Amino acid sequence: MTKTITTCANANIALIKYWGKRDETLFLPTKSSLSVTLSSLTTTTKISSTTKNQDEITINAKRARGKAGKKIIHFLDLFRRPYGTALRFKIITENNFPTGAGLASSASGFAALALGFNQICHLRLSPRALSMLARQGSGSACRSIFGGFVIWHKGKHLDGQDSFAEQLFPESFWPDFRILVVVIQEQEKKISSREAMNLTVKTSSSYQSWIEESEKRLPLMIKAIKEKNLEKVGELAETDCLGMHQTMHDAHPSINYWQPTTQAIIEAVKELREQKIHCYFTIDAGPNVKIIYKRQDQEKIIEYVRTIKGVKKIITCPVGTGAHLINTQ
Ligand code: PMV
């Protein structure tokens, strides 16, 4: 097999969050979640088989020998056995945005890798089965298999066969929906989302009540998206996000991903709303903030956010497409 497969996948941002696993080995979540795929945060991955006796993983032009490389090798180990235990891969993966800083690089990364693996091993998996494959690299990756607005069903079964992602609305559904990614930190975060969520599940006093409230928000969020009601989508997303970060604060030891600039952006969003500019924030496991809004308000929002001390980069994202094959050589 000398073929090289190139695939591409976009990151996603959860409007109703996934935070915690009921099964850490199979990556089964404690609750369902809902995300929107981000068109401008993209991972491109090349995968080919190699005759060497070990996998060769390169992430952003550097050989990945540490944690990130091990996660990829572990993922390959889970699935390569039926195709020959000696099968080794050369993987070159590039993100066009900061890696490991809470911008869902693992989501786009494992979605692109799952699709590449599917192609190179001729698995012919359905998108649903592909989402279950990606899920076992990083939970949120299952949602990046699809474009548009995507749900990840938590499922009930112990084997995870009913825990998959599915597109609810395609990327063309809400053409003026936008996400602004406000980058304040480009370095890798100190505590991974995997470690932080496990600690939260085990020790946080507010975790169970957040789960219950968040589950009630999910059908309301689907309805709000269906009605293209930005105000409702925004309110639900902010409440869900603040609740998730509260569960981390209530963990032992307490976890905090925010920085002073994170707080300043939240205040700016509220201030913009007072000026009748409809925009809302959400934050994943990192200090960076995503703002949701409609296209017509983009300039005013960017103009305001740009003046905040500590803002390093602003990326505008229309709703993005799902993981796809770029070429086969
Ligand atoms: O898939 P992971 O392990 O990177 O976890 C992602 C968790 C959040 O980004 C904080 C929320 C989510 O639903 O994406």
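The questions below ask why residues and contacts in this predicted model carry the labels they do.

Q: Why is lysine 17 called buried?
A: Its relative accessibility is 1%. Buried means under 20%. Lysine 17 therefore counts as buried. The residue sits in the loop between β1 (4-16) and β2.

Q: What makes the link between lysine 17 and aspartate 284 a polar contact?
A: The two side chains make a contact of 2.6 Å. The cut-off for a pair of N or O atoms is 3.5 Å, so a pair within that distance can qualify. Lysine 17 also makes a polar contact with the side chain of threonine 282, at 2.7 Å.

Q: Which residues touch lysine 17, not counting residues up to four places away in sequence?
A: Among them are Lys31, Trp210, Asp240, Met244 and Ile283. Phenylalanine 75 is 58 residues from lysine 17 in sequence and 23 Å away in space, C-alpha to C-alpha.

Q: Why does threonine 50 count as buried?
A: Threonine 50 has a relative accessible area of 17%. The limit for buried is under 20%, so the label holds. Threonine 50 lies in strand β4 (residues 33-50).

Q: What lies 3.0 Å from a polar atom of the side chain of threonine 50?
A: The backbone nitrogen of lysine 52 does. Leaving aside neighbours within four places in sequence, threonine 50 is in contact with Glu56, Arg88, Phe89 and Lys90.

Q: How do you know that aspartate 55 is buried?
A: Its relative accessibility is 8%. Under 20% is buried, so aspartate 55 qualifies. Its place is the loop between β4 and β5 (56-59).

Q: What does the side chain of aspartate 55 meet at 2.7 Å?
A: The side chain of arginine 80, in a polar contact. A polar atom of the aspartate 55 side chain also lies 2.8 Å from the backbone nitrogen of phenylalanine 89. Contacts of aspartate 55 beyond four places in sequence include Arg63, Ile73 and Leu76.

Q: What makes the pair of lysine 202 and glutamate 24 a salt bridge?
A: Their side chains meet at 3.7 Å, N to O. The cut-off is 4 Å between a side-chain nitrogen of Lys or Arg and a carboxyl oxygen of Asp or Glu, so a pair within it counts. This pair links distant parts of the chain: lysine 202 is in helix α4, glutamate 24 in the loop between β2 and β3 (28-29), 178 residues apart.

Q: Why is lysine 202 exposed, and why is glutamate 24 partly exposed?
A: Lysine 202 has a relative accessible area of 62%. Exposed means over 50%, so lysine 202 is exposed. Glutamate 24 stands at 43%. That falls between 20% and 50%, so glutamate 24 is partly exposed.

Q: What makes lysine 67 and glutamate 195 a salt bridge?
A: The N to O distance is 3.4 Å. The limit is 4 Å, so the pair counts. The partners lie 128 residues apart, lysine 67 in helix α1 (residues 67-80) and glutamate 195 in helix α4. Lysine 67 is exposed at 64%, while glutamate 195 is partly exposed at 39%.

Q: Why is glutamate 238 called buried?
A: Its relative accessible area is 9%. Buried means under 20%, so glutamate 238 is buried. Arginine 273 has 24% and is partly exposed. The two form a salt bridge, with the closest N and O atoms 2.8 Å apart. Arginine 273 is in helix α7 (residues 260-274), glutamate 238 in helix α6, and 35 residues separate them.

Q: How many salt bridges does the structure hold?
A: It holds 13.

Q: Which residues of helix α4 (residues 193-203) are buried?
A: Ala196, Met197, Asn198 and Thr200 are. Their cover includes β2 (21-23), α5 (207-226) and α6 (230-249).

Q: Which residues come nearest the ligand?
A: Of the 14 around it, Tyr18, Ser138, Ser140, Arg143 and Ser193 do. The shell divides into 6 nonpolar, 5 polar and 3 charged residues.

Q: What lies 2.7 Å from an N or O atom in the side chain of serine 140?
A: An oxygen atom of the ligand does. The protein covers 92% of the 380 Å² of accessible area that the ligand has on its own.

Notes:
Residues are numbered from 1 along each chain as its sequence is written. This is a predicted model: local features need pLDDT of at least 70, side-chain atom pairs count only at pLDDT 80 or more; totals for chains, interfaces and linings use all residues. Side-chain values use heavy atoms; hydrogens and water are left out. Buried means under 20% relative accessible area, exposed over 50%, partly exposed in between (1.4 Å probe, protein chains only). Helices (H or I, at least four residues) and strands (E, at least two) are DSSP runs, numbered from the N terminus. Contact means heavy atoms within 4.5 Å. A residue is near a molecule or strand if one of its heavy atoms lies within 4 Å of it. A polar contact is a pair of N or O atoms within 3.5 Å; within protein, one must be able to donate a hydrogen and the other to accept it, and residues adjacent in sequence count only if both atoms are side-chain atoms. Accessible areas come from the Shrake-Rupley method with a 1.4 Å probe; for residues, only the protein chains shown count as cover. Ala, Val, Leu, Ile, Met, Phe, Trp, Tyr, Cys and Pro count as nonpolar, Asp, Glu, Lys and Arg as charged, and the others, Gly among them, as polar.
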